[in-house]
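Okay, everyone, let's get the next one up on the screen.

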Amino acid sequence: MGAKKVLVFLGSPRKNGNSALLAKRVMDAAKAAGAQVESFYLHGMNIKPCTACDACRRKDQKDCILKDDMTPLYAKLRKADVIVMVTPVYWFTVSAQTKLFMDRWYAMGGDKGYPFKGKRFGIVLTYGGEDAFSSGAVNALRTFQDALGYTGAEIVGMVHGSADKAGDIKKNKALLKEAYQLGKDLVA
């Protein structure tokens with residue numbers, strides 16, 4: 001078997017924000033373990049919202065009929081061994097960029113289920129405040145647990161922590177270590 005294919009989806013508008021810094025640790029560990037890693041900055045992509053047209057459910061249709069930056073991601077998502085979802089907590093749940101991307105997964109499902117069944121997922125998120133409950137981090141984590149549980153995916157691990165200003169996460173050495181370990185665990 002060749003190197004594992006790892007896709008990392010960054011859902012923050014900040015390219016070098018706290019969640020991106022944790023994601024870098026995950027990616028570094030996966031690369032060090034021999035994985036092929038590709039990342040996508042969702043904020044810079046043109047991904048339209050789902051229109052609830054259900055055209056993706058027609059027998060002659062594969063994936064979504066909307067043509068945008070999501071179109072080439074469907075094949076990549078199917079071929080990936082590991083998918084890492086990275087987001088800050090905005091307004092008590094995942095960022096809008098992350099939710100928009102996840103909503104478009106609907107087009108991948110149908111009578112035969114979802115291609116995420118058995119795929120390994122890692123979750124990385126950061127939030128302001130000190131508490132995972134009052135910050136909304138728990139809501140974001142539940143969003144991933146519910147969606148990925150529904151699709152039959154395996155959540156290998158979740159790394160999350162508090163950081164207010166961009167770069168603050170660098171002070172949390174234990175969390176940086178956790179993120180690196182997640183990258184190793186995902187490709188083990």
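So, start with the nonpolar patch on the surface: that's Tyr90, Trp91 and Phe92, and together they come to about 410 Å² of accessible area. Keep in mind this is a predicted model. Look at Trp91, which sits in the loop between strand E3, 82–90, and strand E4, 93–94. Is Trp91 buried or exposed? Its relative accessible area is 77%, and the cut-off for exposed is over 50%, so Trp91 counts as exposed.

Okay, on to helix H3, residues 96–103. Which residues of H3 are buried? Those are Gln97, Thr98, Phe101 and Met102. They span an arc of only 130° around the axis, so they end up on the same side of H3.

Last stop, Asn18, in helix H1, which runs over residues 18–32. Asn18 has 4% relative accessibility, so this one is buried. Now, what does the side chain do in there? It reaches the backbone oxygen of Lys165 at 3.0 Å, and a polar atom of that Asn18 side chain also lies 3.0 Å from the backbone nitrogen of Gly167. If you skip neighbours within four places in sequence, the contacts of Asn18 are Thr126 together with Ala163, Asp164, Lys165, Ala166, Gly167, Asp168 and Ile169.

That's my tour, happy to take questions.

Terms used
Residues are numbered from 1 along each chain as its sequence is written. This is a predicted model: local features need pLDDT of at least 70, side-chain atom pairs count only at pLDDT 80 or more; totals for chains, interfaces and linings use all residues. Side-chain values use heavy atoms; hydrogens and water are left out. Helices (H or I, at least four residues) and strands (E, at least two) are DSSP runs, numbered from the N terminus. Buried means under 20% relative accessible area, exposed over 50%, partly exposed in between (1.4 Å probe, protein chains only). A polar contact is a pair of N or O atoms within 3.5 Å; within protein, one must be able to donate a hydrogen and the other to accept it, and residues adjacent in sequence count only if both atoms are side-chain atoms. Contact means heavy atoms within 4.5 Å. Patches are made of residues with over 30% relative accessible area and no salt bridge: like charges are joined within 9 Å, nonpolar side chains (Val, Leu, Ile, Met, Phe, Trp, Tyr) within 5 Å. Accessible areas come from the Shrake-Rupley method with a 1.4 Å probe; for residues, only the protein chains shown count as cover. A salt bridge is a side-chain nitrogen of Lys or Arg within 4 Å of a carboxyl oxygen of Asp or Glu. The arc is that of the directions from the helix axis to the C-beta atoms.
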